[in-house]
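Keep the structure open while reading. The points are grouped by topic.

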Amino acid sequence: MDLTTRYMGLKLKNPIIVGASPLTATVESIQELEKNGAAAVVLHSIFEEQINHEMHEIDHFLFHGSEDYAEALGYFPEVTLSNLESEHYLDEISKLKKCVNIPIIASLNGVSKGGWIKYATKLEDAGVDALELNITYIPTDIELSSREVESLYLETVDAVLQSVNIPVSIKMNAVFSAPANMAKQFCDLGVKGLVLFDKPVHVDIDLDVLNSLQNIHYSSSKDLSETLRWSAILYKRINASICASTGVKNHEDILKSMMSGADAVEMVSAILENGVEHIQKTLQDLESWMINKEYDSIEQMKGSISLSHTSNPAAYERANYMRVLTDYTH
Ligand SMILES: Cc1cc2nc3c(=O)[nH]c(=O)nc-3n(C[C@H](O)[C@H](O)[C@H](O)COP(=O)(O)O)c2cc1C
């Protein structure tokens, strides 16, 4: 059985990439993931705020001395010149590259066009095989138009693309007015992969303390719906690989993702819930299903139920929406 696939020019032994999370935070845990069948990993993110904070600290130590440094940025861990989080991260990457054989994708998480973008070059120099860019921008300014928000994304992506030669993917947000056109604009700039979609941190209200808060929830297979839709719509219409993300919990979700048009999947919640062995089990289930249905390879099924190939394109469009709602019985 041929489970291999290509993602952003990288040859993967199967479609399972472990997404950015605590699962990919140490060399040891990544070795475990590789041992259990992961085809690639996305490292836990390094954030614009972390990098900027460190740059600010270096600047302060170099030019003002440390005695009067009293700025307490509550949520940052204590950082000293000899213990820079991001420098440590670069060392870990170099070490990691010597210990594992699977491709390593670094994750940069930021918004602005600031100095943090230079960090992309450092990641490339440290030896990562690709870069995943997560731009989570919440446009709270009521005067900011969607066109301006799109420009902000495009300018930041372009600045990152200008600073590296390795393939860059965008972990996309599903909430653009025109996700297909936004995807096209990213690809026109030179983005090589689209991760559909990012799962934003959930907002909630705590009724005991009467305050707002943020939560991370594990996803379920039901969360795969928008990924399937947009993967099916974009298949063969953009010059980039597609990676399905959010709600890929088992082999059936992988099959659906591939058939909608994805080249690979990212998994996080399923592994956090079931342990690293879940990767092995999923690969076995995938292979059994394919043998049973007489598929020889992953390539064979890619895009077979995309918008242009399905016998029921209405399922991905508005056309079916009215029928599904009006035909509903309980
Ligand atoms: C505990 C936890 C930490 C995460 N950390 C990151 C991160 O650092 N960067 C990032 O881009 N996504 C992060 N994510 C999001 C995951 O990479 C992934 O996109 C999301 O969990 C949806 O995939 P899933 O349905 O397989 O869980 C995190 C998710 C979880 C659950």
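The protein chain averages a pLDDT of 88, and 89% of the residues score at least 70. Over residues 65-84 the pLDDT falls below 50. Beyond near neighbours in sequence, that stretch has 12 contacts in the model. The model is predicted, not experimental.

**Overall make-up**

- The protein chain holds 12 helices and 13 strands.
- Of its 330 residues, 38% are buried.
- Take the contacts in the protein chain with a separation of 6 or more: residues 24 or more positions apart account for 71% of them.

**Ligand shell**

- Around the ligand there are 21 residues.
- Which of them come nearest? They are G19, S45, S219, V268 and S269.
- By class, the shell has 12 polar, 6 nonpolar and 3 charged residues.

- I104, A106 and L108 point one way from β6. I105, S107 and N109 point the other way.
- Strand β4 (residues 40-42) pairs with β6 in the parallel sense over 2 bridges. Here V42 has I105 as its bridge partner.
- Strand β5 (residues 46-47) also pairs with β6 in the parallel sense, over 2 bridges. F47 stands opposite N109.
- β6 and strand β7 (residues 130-134) run parallel, joined by 5 bridges. In this pairing N109 stands opposite N134.
- From β6 the chain crosses through helix α4 (residues 118-126) to β7. This β-α-β crossover is right-handed.

**Two residues compared: A106 and V111**

- A106 sits in strand β6, whereas V111 lies in the loop between β6 and α4.
- Why does A106 count as buried? A106 has 29 C-beta neighbours inside 10 Å, and the cut-off for buried is 20 or more.
- Why does V111 count as partly exposed? V111 has 17 C-beta neighbours inside 10 Å. The partly exposed class lies between 12 or fewer (exposed) and 20 or more (buried).
- Leaving aside neighbours within four places in sequence, A106 is in contact with L43, I93, L123, V128 and L131.
- With the neighbours within four places left aside again, V111 is in contact with E48, I135, Y137 and T156.
- A106 and L131 are 25 residues apart in sequence. In space they are 4.9 Å apart, C-alpha to C-alpha.
- V111 and I138 are 27 residues apart in sequence. Their C-alpha to C-alpha separation is 9.7 Å.

- Strand β9 covers residues 193-196, and all of G193, L194, V195 and L196 are buried.
- G193 and V195 point one way from β9, and L194 and L196 the other way.
- Strand β8 (residues 168-172) pairs with β9 in the parallel sense over 4 bridges. S169 has G193 as its bridge partner in β9.
- The chain gets from β8 to β9 through helix α6 (residues 179-189). That β-α-β crossover is right-handed.
- β9 also pairs with β12 in the parallel sense, over 4 bridges. The bridge partner of V195 in β12 is C243.

**Helix α8**

- Helix α8 (residues 251-260) is mostly covered, with 8 of its 10 residues buried.
- Which residues of α8 are buried? They are D253, I254, L255, K256, S257, M258, M259 and S260.
- An α-helix has 3.6 residues a turn, so residues three or four places apart point the same way.
- What do the buried residues of α8 pack against? Their partners among the helices are α7 (225-234), α10 (277-292) and α11 (298-301). The strands they pack against are β12 (241-244) and β13 (264-267).
- Just after α8, G261 takes a positive phi of about 130°.

Terms used. Residues numbered from 1 in each chain as written. Predicted model: local features only at pLDDT ≥ 70, side-chain atom pairs only at ≥ 80, totals over all residues. Near = placed C-beta within 6 Å. Nonpolar A, V, L, I, M, F, W, Y, C, P; charged D, E, K, R; others polar. pLDDT = per-residue confidence, 0-100. Contact = placed C-beta atoms within 7 Å. Pairing = 2+ DSSP bridges. Right-handed = clockwise from strand over helix to strand, strands pointing away.
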